[in-house]
Amino acid sequence: MLTRRAALIGAAGAAAAPFLAINAKAEEIMDTSIAESVDLSNLQRVKRRLVRPPMVHEHEQSAPAEPRIVEFEMQIVEKEVEVDSGAYLQAMTFNGSIPGPMMVVHQGDYVELTLYNSPENLMQHNIDFHAATGALGGGSLTLVNPGEKTTLRFKATRAGTFVYHCAPGGPMIPWHVVSGMSGAIMVLPRDGLKDEKGNPVSYDRVYYIGENDFYVPKDENGDYKRFSDVGESYPDTLEVMNGLIPSHVVFNGKVGSLTGDRALHANQGEKVLFVHSQANRDSRPHLIGGHGDLVWETGKFANPPERDLETWFIRGGSAGAALYEFRQPGVYAYVNHNLIEAVNLGATAHVVVEGEWNNDLMEQVQAPTEYNAAYEGKSALP
């Protein structure tokens, strides 16, 4: 008897067939068992417990002299997520969060990830690390069916911020990505970050902001559709996706996820590192009331950062980093500066900063008051 899960896995494989055919000689699903083994038994092992974004797990900003093997575990979870009032997404997630949790290691370390595909899931999944070398970023070595697990190890050879995402093949790739299956990994230089002159730089806090574009279908009445599972949602979602117009553009999984009671926090004088990823579309982060003191726009720490940016650019399929020292208290809005997407579609976060106001940086010289329009404020031009 063909189960719904088996049928969906078969459909995924069939949908990916053109992709497999194009790359047949490259053997997308690789067998590396005959490769010469590597002895890493002398390296220290460190286990890191992943946490839900925008928070980031415990890590050092500079590393010991010798590389380490950094172990992570991650569960794939398919679940329904309410991305806005009345708008439900049949989501596919890493560790149950959108975006997936951010991993932090140092250049030269080995990342060892055990990936679990829950038995309750319907779909095949894998993980493609933009930070990794070979085998489609590990995607060809990590394809797991529901109820399976796999362990991948790769050497973090390049410092920077990088996207990871699910890429099970063919048209399954964009669907899984825009259903929530992306995250980021930060590979720090072993001796920490540097400014544009090579001077050491540290941060007091780090926040991970994952931006997603969602494509939630509507019915003939203009109401958002709701589906029983991720498989049922695919045909209608695909139609909206192919129109290239998202229904929502959000930070960390839903409209308002980083505002109100869920706003980010900092103190005056603290340096905050914002890591921002977008696995599918271009984005333009901007901190209203602040700046990017140091910005690694492409996310690569081997390149010197730019200074004093007002808005920076995150290419689709990449992650960038920006460091800012908060100089004034108050509420700052961190937005995608496509303001339609920020205000109307949801790509806004708030940072609440505690401290004392500095009138030297900004002062309200006169509060709003009525004036005689017949005599004041007239332009000198006709």
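Is N95 buried, partly exposed or exposed, and at what relative accessibility?

## Basis of the model

This is a predicted model in which local features need pLDDT of at least 70 and side-chain atom pairs count only at pLDDT 80 or more, while totals for chains, interfaces and linings use all residues. Residues are numbered from 1 along each chain as its sequence is written, and side-chain values use heavy atoms, with hydrogens and water left out.

N95 counts as partly exposed, with a relative accessibility of 31%. Buried means under 20% relative accessible area, exposed means over 50%, and partly exposed is in between, for a 1.4 Å probe and protein chains only. N95 is a residue other than glycine, yet its phi is positive, near 65 degrees. N95 sits in the loop between β3 and β4; strands here are DSSP runs of E with at least two residues, numbered from the N terminus.

P99 also lies in the loop between β3 (87-94) and β4 (103-106). The peptide bond leading from I98 into P99 is cis, and its omega is near 0 degrees.

## The loop between β1 and β2

A cis peptide bond is also found between P53 and P54, where omega is about 15 degrees. P54 belongs to the loop between β1 (44-47) and β2 (68-84).

## The loop between β13 and β14

N252 is not a glycine, but has a positive phi of about 50 degrees. Its place is the loop that runs between β13 (248-251) and β14 (264-267). With 10% relative accessibility, N252 counts as buried.

Note on methods. Helices (H or I, at least four residues) and strands (E, at least two) are DSSP runs, numbered from the N terminus.
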